Amino acid sequence: MWLQCRGGTASRVWFNVNGEDERESRTEPPTRCNQREAWAIKEFVEKLLSQNVQISQITIICYYAGQCDLLARLLENQSDPQSFKISTVDTYQGCENDVIIVSMTRTRTLGFLANRRLKLLHEDSNPRCNVSMTRARGVLVIFGRHETYTSVGESEYLGRLARDVAARREVLRAEDISSVEFCRS
């Protein structure tokens, strides 16, 4: 499985979304969500479904429960909610799917991902990053403010990933979603 974009194919793409993350206070404990990112993901899911990708082949992984809730509300009319997978990274361990969409949510800081004490960004001790970035059997699609993640240190997993997708010209604007085509290998 591949995405056709910019005249080439890619199994990994980062959609740069410059929305603002918001603190969601309706939940306990408070969590985060990002409206613009959620709407971009909704548009991308609709694009995949219009290209005959089955809803059971798509999983959305979020780092924040608030983003999961927002996406579930936005996508509730797409199909039977039982067949559509939207989960936090913590509840998706041990699973995989053909198309994995990762919602980074944060735009200015890395939040808990930057917790040096837990070393969550370092490759050898980053269970959340590992789960979210290695669950795709076919296509990994990341939504988030790319610049936030390229600015982290060279030894940090997400920083290396962000710079690698940029070097491969796999960073697209959210406005480019309509031009992306899904290809089966």
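Biologist: In which element is Leu-49 found?
Modeller: Leu-49 is found in helix H1. A helix is a DSSP run of H or I with at least four residues, a strand is a run of E with at least two, and both are numbered from the N terminus. This is a predicted model, where local features need pLDDT of at least 70, side-chain atom pairs count only at pLDDT 80 or more, and totals for chains, interfaces and linings use all residues. Residues are numbered from 1 along each chain as its sequence is written, and side-chain values use heavy atoms, leaving out hydrogens and water.

Biologist: Why does Leu-49 count as partly exposed?
Modeller: Its relative accessibility is 22%. Buried means under 20% relative accessible area, exposed means over 50%, and partly exposed is in between (1.4 Å probe, protein chains only). Leu-49 is therefore partly exposed. From Leu-49 to Phe-182 the C-alpha distance is 9.8 Å, although they are 133 residues apart in sequence.

Biologist: What makes Glu-22 partly exposed?
Modeller: Glu-22 has a relative accessible area of 36%, so it falls in the middle class. Glu-22 lies in strand E4 (residues 22-24). Not counting residues up to four places away in sequence, Glu-22 touches Thr-31, Arg-32, Cys-33 and Gln-35, where contact means heavy atoms within 4.5 Å. Its C-alpha atom is 9.8 Å from that of Gln-67, a residue 45 places away along the chain.

Biologist: Is Glu-170 buried or exposed, and how do you know?
Modeller: Glu-170 is at 11% relative accessibility, so it counts as buried. Glu-170 lies in the loop between H5 and E10. Leaving aside residues up to four places away in sequence, Glu-170 touches Ala-10, Arg-12, Val-13, Trp-14 and Val-165.

Biologist: What is the largest nonpolar core, and which residues have the most contacts inside it?
Modeller: The largest nonpolar core has 34 residues, and Phe-15, Phe-44, Ile-60, Ile-101 and Phe-143 have the most contacts inside it. By definition, such a core is a set of buried Ala, Val, Leu, Ile, Met, Phe, Trp, Tyr and Cys residues joined through side-chain atoms within 4.5 Å. The elements that each supply at least two of its residues include strand E1 (2-5), strand E3 (12-16), helix H2 (65-75) and strand E9 (136-144). The largest share, six residues, comes from H1. Apart from this core lies another, of 19 residues, among them Tyr-63, Tyr-64, Leu-161 and Ala-162.

Biologist: Which residues does Ile-101 touch?
Modeller: Among the residues that Ile-101 touches are Ile-41, Phe-44, Val-45, Ile-60, Val-141 and Phe-143, not counting residues up to four places away in sequence.

Biologist: How do you know which strands are at the edge of the sheet?
Modeller: Two strands pair if DSSP finds at least two bridges between them. Strand E7 (85-88) and strand E10 (171-173) each pair on one side only, and they are the edge strands. The open sheet has six strands in the order E7-E6-E8-E9-E3-E10, with parallel pairing. From one strand to the next the twist averages 25°.

Biologist: How many bridges join E3 to E9?
Modeller: E3 and E9 run parallel and are joined by five bridges, one of which pairs Phe-15 with Phe-143 in E9. E8 and E9 also run parallel, with six bridges; Asn-97 has Ala-136 in E9 as its bridge partner. E3 and E10 have three bridges in the parallel sense.

Biologist: How do you know that E9 is mostly covered?
Modeller: Seven of the nine residues of E9 are buried.

Biologist: Why is H1 called oblique to H2?
Modeller: The axes of H1 and H2 come within 10 Å and cross at roughly 45°. Axes are lines fitted to C-alpha atoms, for helices over the stretch in contact, and angles run from 0 to 180 degrees between N-to-C directions. Angles under 35 degrees count as roughly parallel, over 145 as roughly antiparallel, 65 to 115 as roughly perpendicular and the rest as oblique. H1 is therefore oblique to H2.

Biologist: Which residues of H1 and H2 meet?
Modeller: Residues of H1 including Trp-39, Ile-41 and Val-45 meet residues of H2 including Leu-70, Leu-71 and Leu-74. Among the buried residues of H2 are Gly-66, Gln-67, Cys-68 and Leu-75. The buried residues of H2 pack against strand E5 (31-33), H1, E6, E7 and E8.
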